[in-house]
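Please look over the structure below before reading my points.

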Amino acid sequence: MKVSINTSIAVIGLGYVGLPLAVAFGRKFPTLGFDINRKRVQELRDGIDYTREVDREELTAAERLSFSTSLDDLRRATFYIVAVPTPVDRHKKPDLSPLRGASETVGMVLKKGDIVVYESTVYPGATEEYCVPLLEKTSGLKFNEDFFVGYSPERINPGDKLHRLSSITKVTSGSTPESAEFIDSVYGSIIEAGTHRAASIKVAEAAKVIENTQRDLNIALMNELCIIFRKLGIDTEDVLMAAGTKWNFLPFRPGLVGGHCIGVDPYYLTHKAEEIGYHPQVILAGRRINDNMGGYVVGQLIKKMIKSHVPIENARVLIMGLAFKENCPDLRNTKVVDSINALKDYNIQVDVYDPWADPASAEHEYGITPIQYPETGAYDAIVLAVAHREFQQMGTTTLRSFGKERHVLFDLKYVLPKADADLRL
């Protein structure tokens, strides 16, 4: 196998991961961006990306890129990349239905000699044990004889304009030595930072799932320390700044852990571990801590409001930020929602303001209608839940202006100087 400028690529799934990939490949190869969402495809044809990961100029620069929902168009490719979501269900178990659908779709158009690469986060073994049988059954072709597969874990960081696709080392793998080499060459043609060829598909899958598990555990440690320090009457940020003077202290901070990766990926690993008879302890302990932080945040706010003689019954609280992270419209698995629901349990009226969030998505996913802009002098408490640049630019005076004469300002993200907030994690 040899990569040529006419290698035909198809990217299935045009979200935060798939679209940047399609754009990057579309600058060099004939590339099809495929999605079952017709509205999404039409918007991209019009140069609009709701994720804000790719601007109109970047879309235009990808001269060999087209978008479609048609299987006939998809059939022309020889190198398929699957980049669909892999969420968890309400029981925290892997929901592989998007992966199943994408695999069956590719299977319908798969031809002899084709390669299918998965980027979606999965547990070790999922590509070969779950996806390959679907490809074989749907296509009628035989794995590693008629077609080949690979796994190259996505490392997209939504909202990050510094660490982009091409500047992050890409892990690759293939089901045979020849296919692994070809897959590595294809990705190597667009990744400036270079590639790392993993020893096997399972190794590549495991590498991906532990990247975010490690971050999840480190943040869980910070959250637990925050709880302890608050009981001791010690400011957590003061402690972390002091400890951070040591060269090898890792700069993690406490907070709400949401998003499609950190708050989800560990459950894929624990699911597989339990399947083979091992019950993870440290990983699940970290997950419990982080999953409970939304309620903890509200508990601290209520205590502060009571101490500050701010009425709780029928109070109005302004939540600043709904996205799972700063400067990003991504609402997937945002833990801000946990705090909103906990506040409503106290009969508190909650207004949510987020200039990045799509109102229709917020309504569809969570039944939340964000306000256009906060009222002046209207709120008993203001919670800075997400550190959007717009909130940082407002400054203390503007943020305080949203509150009543007596109110509590809770800065979850250290947006303000320590002295300007009434409460911090």
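**Notes on the aromatic pairs and the overall fold**

1. Seven aromatic pairs turn up in a search of the whole structure. Rings of Phe, Tyr and Trp (its six-membered ring) pair if their centres lie within 6.5 Å; planes under 30 degrees apart count as stacked, over 60 as edge-to-face and the rest as tilted. One of the pairs is Y353 with F391: ring centres 5.9 Å apart, planes at 45 degrees, so this pair is tilted. It joins distant parts of the chain, 38 residues apart: Y353 sits in strand 10 (residues 349–353) and F391 in helix 15 (residues 389–401). Helices (H or I, at least four residues) and strands (E, at least two) are DSSP runs, numbered from the N terminus.

2. Keep in mind that this is a predicted model: local features need pLDDT of at least 70, side-chain atom pairs count only at pLDDT 80 or more, and totals for chains, interfaces and linings use all residues. Residues are numbered from 1 along each chain as its sequence is written, and side-chain values use heavy atoms, with hydrogens and water left out.

3. Are Y353 and F391 buried or exposed? Both are buried. Buried means under 20% relative accessible area, exposed over 50%, partly exposed in between (1.4 Å probe, protein chains only).

4. Now take Y373 and F402. Their ring centres are 5.7 Å apart and their planes stand at 80 degrees, so the pair is edge-to-face. This pair also links distant parts of the chain, 29 residues apart. Y373 lies in the loop between helix 14 (359–366) and strand 11 (379–384). F402 lies in the loop between helix 15 and strand 12 (403–411).

5. F402 is buried, at 1%. Y353, Y373, F391 and F402 form one aromatic cluster.

6. Step back to the whole protein. It has 15 helices and 13 strands. Its radius of gyration (taken over C-alpha atoms) is 23 Å, close to the 22 Å that the globule rule gives for 425 residues, so the protein is as compact as a globular protein of that length. The globule rule is 2.2 Å times the number of residues to the power 0.38. The C-alpha trace spans about 70 × 50 × 40 Å along its principal axes.

7. Buried residues make up 55% of the 425. Of the contacts (heavy atoms within 4.5 Å) with a separation of 6 or more, 74% are between residues 24 or more positions apart.
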